[in-house]
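Please keep the sequence and the model open side by side while you read this note. The points below are meant to be checked against the structure one by one.

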Amino acid sequence: MASLPLTFVTISPKAKHTATVILAHGLGDNGLDFSNNKEMRTIASQLPHIKWVFPSAPERFITAWKGDSRRQGLTRGWLDFLREPLTYSSEYEDIQEYDEGIMQSVKLLDAFIQSEIDSGIPEGRIVLGGFSQGGAISLITGLGGSQWRGASDTKLDGWKLGGVVCLGGWLPMREKYKKRLSTHASTIPVFWGHGVQDESVTWGLSWESAEFIGDKVDVRYGQYTKMGEPGVSFMSYGVGHWMVESEMEDLRLFLKKVLPLEG
C-alpha cells in the first residue's frame, strides 16, 4: 500500500472495521487537536465499527493575512482565501493559483480515500467531511468530478461515497463547483451543519452556498426525516464558529444511517 502524503491521526474501531470516516480540520488546526474534540470521541465510541482518520493539512500562506503581524506567515490550511471576513467573490473563479491550490488538496484527500479502498473498505462505506475549510474541501473532493483533479486525471469522475459532511463550511468557487460536480453528486447524502452565530463563516454565506447547487442537488433545510438520504440536509445550530453537542448528535444519527453497523 502506498504511503499517505500527509501526517494523520486515527481513532481505531472497537469492533470489526467495516466503515471509515475521514475528517479534515479547519484553518490553523491539525489532525491531532481535531481528533481530541470531546464530542468526536463520544461519537466514535458509539459507532464501534468505524475507523476515524484525521489528516493534517499542509502549511500554506494565506493571502488575507498578508501584512498582519498577529498572524503567522505559514499555517496549516486546505485552501487560500483573499480577505476577511469571508465573502463570496466571483474573482476567485479566475485565479489560477487558487484553483490549483484546491486541486492539490483534493488529490491529498483522494489519497486517503484510495488508501481505505485498498485496505478493503468499499467507496460506499466511506464518509468524507470536515470543519470550516475542511468542510469546504470535503464538498469539493466528495462531490466533485474529474475537473477538480486536473486534465490528466480523466479516469476518475468523482467518488461514490457513503456520505459527505460539511460543518461550518461554504463553497469557495461556486460557478466552477457547479460545473464540476460529479455524475454521482445527486446520489450522495450530505450532512451540512452551521452555527447561526458564526462570524468567521457566516450562516448566510453557508446557506447561500448550499442553495446555489439546489438545481443540481436536492437541498433541504432542517428536515430531520430526510437526513441521510441523497441530497443536502442543511441544519442550523445556536452556536458560533465551532461544533455544538446537538450538532454532533445529529452527525452521529447521520453516520448511523449512511454507515449502518450491518455493513
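Which residues line the largest cavity?

1. The model is a predicted one, and the points here should be read with that in mind. The lining of the largest cavity consists of Phe81, Leu86, Thr87, Tyr88, Tyr92, Tyr98, Trp170, Leu171 and Pro172. Its volume is about 40 Å³, and the search counts 1 cavity of 30 Å³ or more.

2. The largest nonpolar core has 51 residues, and those that touch the most other members are Ile102, Ile137, Leu139, Leu143, Tyr177, Trp192 and Ile213. At least two residues of this core come from each of strand 2 (19–24), helix 3 (96–118), strand 6, helix 4 (133–143), strand 7 (163–167), strand 8, helix 6 (203–212) and strand 10. Helix 3 gives the largest share, with 7 residues. As general background, nonpolar side chains in soluble globular proteins tend to be buried together.

3. Helix 4 deserves a careful look, since 11 of its 11 residues are buried and the helix is therefore largely enclosed by the rest of the structure. The buried residues include the glycines Gly134, Gly135 and Gly142, as well as Gln133, Ser138 and Thr141. On the packing side, the buried residues of this helix lie against strand 2, helix 3, strand 6, strand 7, helix 5 (174–179) and strand 8.

4. Across the whole structure, 13 aromatic pairs are found. In one of them, the ring centres of Phe131 and Trp242 are 5.0 Å apart and the planes are at 80 degrees, which is over the 60 degrees needed, so this pair counts as edge-to-face. Because Phe131 belongs to strand 6 (residues 126–131) while Trp242 sits in the loop between strand 10 (231–237) and helix 7 (245–258), the pair ties together parts that are 111 residues apart in sequence.

5. Trp192 is part of strand 8 (residues 189–195) and Phe234 is part of strand 10, so parts that are 42 residues apart in sequence are tied together here. Both Trp192 and Phe234 are buried, and they belong to one aromatic cluster together with Trp203, Trp207 and Tyr221. Leaving aside residues up to four places away in sequence, Trp192 touches a list of residues that includes Leu139, Cys166, Trp170, Ala210, Val232 and Phe234.

6. What sits over the ring of Phe212, 4.3 Å from its centre? The answer is the charged end of Lys178. Arg174 also lies over the face of Phe212, at 5.9 Å from the ring centre.

7. Lys256 and Gln46 are 210 residues apart in sequence, yet their C-alpha atoms are 9.4 Å apart in space.

Conventions:
Residues are numbered from 1 along each chain as its sequence is written. This is a predicted model: local features need pLDDT of at least 70, side-chain atom pairs count only at pLDDT 80 or more; totals for chains, interfaces and linings use all residues. Side-chain values use heavy atoms; hydrogens and water are left out. Rings of Phe, Tyr and Trp (its six-membered ring) pair if their centres lie within 6.5 Å; planes under 30 degrees apart count as stacked, over 60 as edge-to-face and the rest as tilted. Helices (H or I, at least four residues) and strands (E, at least two) are DSSP runs, numbered from the N terminus. Buried means under 20% relative accessible area, exposed over 50%, partly exposed in between (1.4 Å probe, protein chains only). A charge sits over a ring if NZ of Lys or CZ of Arg is within 6 Å of the ring centre and within 35 degrees of the ring normal. A nonpolar core is a set of buried Ala, Val, Leu, Ile, Met, Phe, Trp, Tyr and Cys residues joined through side-chain atoms within 4.5 Å. Contact means heavy atoms within 4.5 Å. On a 1 Å grid over the protein atoms alone, a cavity is a set of points where a 1.4 Å probe fits but cannot get out, and a pocket is an open set with protein on both sides within 12 Å along at least five of seven lines; lining residues have an atom within 4 Å of a point. Grid points are joined across faces, edges and corners, and a volume is the space filled by probe spheres set on the points.
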